[in-house]
Amino acid sequence: MGPSWKDNHALYLIVVGAVAWLVPGGGHFLLTERKRAAIMFAFIVLTFLVGLYVGSIGVIDPVNAKPWYAAQVMNSPLVILLGQVAASGNYPVYGRAGEIGQIYTSVAGLLNLLCVVNAIYVAHQRTVEETKA
Amino acid sequence: MRVGTDPISMLWLLPLVATISIVYKSTKVGYIRPLPFAKETAGLFGSIIVFIVVAATILYLLAWAVTGPVPALLDKSTF
């Protein structure tokens with residue numbers, strides 16, 4: 001049997017980080033931390049959706065609100081697709097795009113960044129412990 | 001959705017603080033068991049709220065002083 005893909009340490013960490021970014025809590029799910037993953041997924045996605053509900057898709061503004069957009073993209077790469085729609089300007093706005101909605105979606109993104117970093121750290125720690133054992 | 005600028009709209013921070021507390025604690029605790037996790041989260045939630053209230057009070061008092069007593073004192077100064 002060939003070496004496990006986990007044996008390539010850097011690749012393993014990159015995969016964990018990428019999955020954690022793609023789906024909030026995905027990195028911890030990959031590390032078999034199911035409860036943690038479920039909590040992260042539920043609360044980050046809920047916060048992001050509340051932000052979208054409050055301010056509509058206009059909260060994602062890659063043109064005029066780049067710092068906020070950078071934080072929002074941390075939710076998932078799928079936000080980039082929403083940013084493309086928002087940049088086209090062909091959407092109805094049902095709320096005020098700034099303020100609460102922007103804060104909610106951006107904080108959700110920053111929380112997911114925290115989860116991504118934590119997932120990579122846990123994966124690294126486990127690999128180091130397995131190597132020592 | 002309409003979000004006002006009245007004091008009640010400040011309550012929008014509560015769900016956000018709750019989410020921050022829950023997600024942050026989910027990365028920090030060793031094992032997730034419902035009751036200890038709830039206690040840890042409640043502790044962080046409370047400390048963030050207390051800090052916000054203290055900061056808001058200080059800012060309110062500063063704004064009150066700058067817009068009220070301080071200009072009045074300057075007007076009546078003996079200089």
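Buried area is the accessible area, taken with a 1.4 Å probe, that two parts lose on being put together, summed over both. In this predicted model, about 1800 Å² is buried between chain A and chain B. Carbon and sulfur atoms give 69% of that area.

**The interface**

- Contact (heavy atoms within 4.5 Å) links 21 residues of chain A with 20 residues of chain B.
- Seven residue pairs across the interface, both members at pLDDT 80 or more, are in polar contact, that is, a pair of N or O atoms within 3.5 Å, of which one must be able to donate a hydrogen and the other to accept it; residues adjacent in sequence count only if both atoms are side-chain atoms.

**The side of chain A that touches chain B**

- α3 (34-55) and α6 (100-132) of chain A each supply at least two residues of this side; helices are DSSP runs (H or I, at least four residues), numbered from the N terminus.
- The largest share, ten residues, comes from α3(A).
- The residues of this side comprise 15 nonpolar, three polar and three charged.

**Helix α1 of chain B**

- The buried residues (under 20% relative accessible area, 1.4 Å probe, protein chains only) of α1(B) include L16(B), V17(B), I22(B) and V23(B).
- Among the elements that cover the buried residues of α1(B) are α3 and α6 of chain A, together with α2 (34-67) of chain B.

**Conventions**

- Residues are numbered from 1 along each chain as its sequence is written, and chains are lettered from A in the order in which they are written.
- Local features need pLDDT of at least 70, and side-chain atom pairs count only at pLDDT 80 or more, whereas totals for chains, interfaces and linings use all residues; side-chain values use heavy atoms, without hydrogens and water.

Note on methods
Ala, Val, Leu, Ile, Met, Phe, Trp, Tyr, Cys and Pro count as nonpolar, Asp, Glu, Lys and Arg as charged, and the others, Gly among them, as polar. Buried means under 20% relative accessible area, exposed over 50%, partly exposed in between (1.4 Å probe, protein chains only).
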